[in-house]
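Subject: Structure for you to look at

Hello,

I am passing on a structure that you have not worked with before. Please open it first and read the notes below beside it.

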Amino acid sequence: MEVNTEIKSTRNMPNHLETTTLEGRNKVLGFWLFLAAETVLFACLFGTYLALRHQSMGGPESSELYDLSLIAVSTAILLTSSLTSVLAMAKMNQYKLKAMLTWLGITVLLGLSFLVLEIYEFVHYVHLGHTFMNSAFGSSFYALVGTHGAHVTFGIVWITTLMFQAAKQGITRETAPKLFVSSLYWHFIDVVWIFIFTLVYLLGKVG
Amino acid sequence: MGTLLVLIVFALFLVAIFTGGYNKDLKGLLEKSTVWDWLTTVDHKKIGILYFFSGIFYFVVGGIEALLIRMQLVVPQNDFIVGDTYNELMTMHGTTMIFLAAMPLIFGLMNVVVPLQIGARDVAFPFLNALGFWLFTFGAILVNLGWFFGNAPDAGWTSYVSLALNEYSPGPGIDYYVLGLQITGIGTMISAINFLVTIINMRAPGMSFLRMPLFTWTTFATSALLLFAMPPLAVGLLLLMFDRLFGANFFDYTMGGSSIIWQHLFWIFGHPEVYIVILPAFGIMSEVISTFSKKRLYGYTSMVFASVLISFLGFMVWVHHMFTVGLGPVSNSIFAVATMTIAVPTGIKVFNWLFTMWGGEIRFTTAMLFALGFIPTFVIGGMTGVMVALPPADFQYQDSYFLVAHFHYTLVGGVVMGLFAGAYYWWPKMFGKLLNETLGKIHFWSFLIGFHLTFFPQHFLGLFGMPRRVFTYQPNVGLENLNLISTIGTIGMAIGVLAFAANVVLSFVKKEKVPNDPWNARSLEWTIPSPPPAYNFVQTPLIRGYDAWWIEKQAGNKSMKPAEPIGPIHMPSSTFVPFLMSLSLFIAGLGFIARENFAAGILGLIMFFITMFVRSFDRNHGCHIEPEEFDQANKGVKA
Amino acid sequence: MVQQQNQSSRGRAVSDKANREMKYVISFIFMILLTAAAFYLVSTGAVAEHLILPLILILATIQVFLQLFTFMHLDQKGTAFYTIFIIAGIFFAAVCVVGIVLM
């Protein structure tokens, strides 16, 4: 378990740096299990939203609220950030620190712009009278989309932290598993968003 | 708010001590102390023992609550404990026993035993293991704080809405329940992931999945269930918190909410939960019965298959708790059939235990007695389970004492007896000393007789129409005698638990140490000293089949074959970060319960994330124990 | 178990890496197309209303599996347990949603 060894040359180095140590393998497996649990967590929030989405109690209905062009932009941003994140991992496994940090930086910026759009969207809805407190529809909408937004926020902070660590310590057997699981997390956020735009926004437009 | 401030100051005081800002000498002194050792330990055996004793503590607390309930019900129209206080007692009895007694007792045994059974030196995430324990501890304290500040939770352990909403439960009681259980829930989730990764990644060479002892298998199944069952509870508690503290409307009918959603979320968690606590008990039974019958477990593969099937089906039956809600005949029928299906794998297990004993060389030790008492008791609980699984019949049984009798037969007759069997069986491995057999037998017989005396009459009380959760009943309707018998029975259980407590104390007093393998047992944990050294195995053992240790004994070997040469062993270093992280979540929870503004709550959360952030930069990778430092006494017992 | 994932030879690995990046981009283009198709179906009303939900759900599911098996590397060796648990998670997630919404 020579976890503390900095990797100086790429010669004879393994193909998947994140799973070379037992700690790394444990971390990646543990994180997959966590994601499996998160799947169920989001499913419960989806179930709650789908059960309550027509209960707007006289407030604005989903079909009046949602603006598909805004959501299309958000979706494109998040999908692209998923791509940049996986490209960063490809660079990591080639031990290209600079390239990896660039791709991660782009990922974080895209994540931030997604978050800005989401906050703008929420503020806009509140002005239209669609708030957390005025109906069961409002509560369940903000609980679901807000939980996703909180995950995005945490992801941004996390990846930024790891960028600093990687810049300081380099791509090592120790930082690689961390970077890898943060990338898994970022893809998972994207997966959840795919269902949010499908089951919340698109379905909300259909009625 | 005043109490809160005092607590925060106290917490800051603790932090000051821990970070050494208070006095350098004191810090050095503290770090050498036993308390500090236990507060910062990441050793799976020590964490297991911490879990185990917390579990015993809350088991006693919950038991006293139960005794008070039975005292109130001893005669009709009693006014010993009435109204709100009774509701609080009955709620806290259920909550304490399920979340704060059964779970940590199980986690305690799992923590101590599972790494030893698979030939690992530690769990996969020692840090997270400690974090899981401290989150549990602080969450448990938070749930119980209601007794001292404000009021205790009083909406039943299921905390059904709308009863649990602000309008009907105005005090902070339900807030303690919601936030306390949320914090313990995070800890439970972490431990489940930890066990799964440990079992998948850390097995010794040769320990294939179908060579794992059954307790390890049931731990695996239980952890997988926890992994998928905790998130629905987390969401349910989150939504209830939003409704109570932040004015959301998930469950408020007047604002379009639906109280059925809480019931679904709670029972999607709640039904798997009963399998979560019973499956490890099944595992303990299998180990104990096989050891004390001196026979290989009959039908090992079918036992494994049955465990996995039970955990899968356990997830598919939650609506049987909601038959009378009015979800319609289609869902009721589907879930009734699914529920009755579970009887099949459970039956497989019962028959396998019986066949294991058949023709075996049975030794009636206390552990074996508990296992033997478990089988018929649990079968009765299972039978009444099939009875209440029939929707038309369930309309009669529901909310009556019949149901109370049913689940106490499964949870006390199943889980608690299983845990006692496990305690007597693994006690020498945990502490290096045997529990006294005579006291053990007193414990068993008075507990068993007391248990049946308490709960068997409750079947009939239910059939005679006595509703559960109500603090009194009318005279002259035929309920007096059975209630009296039921209360008398609790004395037997209390004597049993006292005998166990005396036994624990005596075991610590006596000097006599036990050898590695006092029971002539079959699995790996009995190849190493009792209690095991910090690194468990001097050399990772090579496993040559199911019942690995028995195979070597049959071949005339005195120890396991090593799978590696002797070398330095890597060990994780102790850390106080888990304690600090849990403390910050505890402060956050208190802050939200205090309500006035959420400043303290947010402060706690910020503290939590900062400790997490700092921990991420921590590059302490633990230490190595060199071969020269291995205890000389352990030289003979490699493996 | 130990190191079984890491045994592929060095030469093959290099060409694999170039291929893999290409695969990510192709998979990304597919995702964008699937998303666009879903948005197109809803915003133009090209199909009957009762068909929209199943159709967009299918599109979303395909996209999720693309994510899982390309971006999240489930197509590689040594990922059996990840796959088992995430599929179980998706299954129980479906059970929860159906349970809460329909039951």
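Below are notes on the chain contacts and the nonpolar cores. Please keep in mind that the model is predicted.

Chain C against chain A

This contact is made by 40 residues of chain C and 41 residues of chain A. On the chain C side, the elements that contribute two or more residues are α1 (10-44), α2 (49-71) and α3 (80-102) of chain C. Sorted by class, that side of chain C holds 28 nonpolar, eight polar and four charged residues.

Chain B against chain A

Here 31 residues of chain A are in contact with 32 residues of chain B. At least two residues each come from α7 (173-201), α8 (214-245), α9 (259-292) and α20 (599-617) of chain B. Of the elements on that side, α8(B) gives the most, with nine residues. The class count for the side of chain B that touches chain A is 23 nonpolar, nine polar and no charged.

Nonpolar cores

The largest nonpolar core has 288 residues, and the members that touch the most others are A:Leu33, B:Leu196 and B:Ala421. Helix α6 (residues 175-206) of chain A gives the most to this core, with 21 residues.

Apart from neighbours within four places in sequence, B:Leu196 is in contact with A:Leu33 of chain A, and with B:Phe220, B:Ser223, B:Ala224 and B:Leu227 of chain B.

There is also a second, separate core of five residues, among them B:Tyr86, B:Met90, B:Met92 and B:Ala152.

Regards

Technical notes
Residues numbered from 1 in each chain as written. Chains lettered and ligands numbered in written order. Predicted model: local features only at pLDDT ≥ 70, side-chain atom pairs only at ≥ 80, totals over all residues. Contact = placed C-beta atoms within 7 Å. Helix = DSSP H or I, 4+ residues; strand = E, 2+ residues; numbered from the N terminus. Nonpolar A, V, L, I, M, F, W, Y, C, P; charged D, E, K, R; others polar. Core = buried A, V, L, I, M, F, W, Y, C linked by C-beta atoms within 7 Å. Buried ≥ 20, exposed ≤ 12 C-beta atoms within 10 Å, placed from the backbone.
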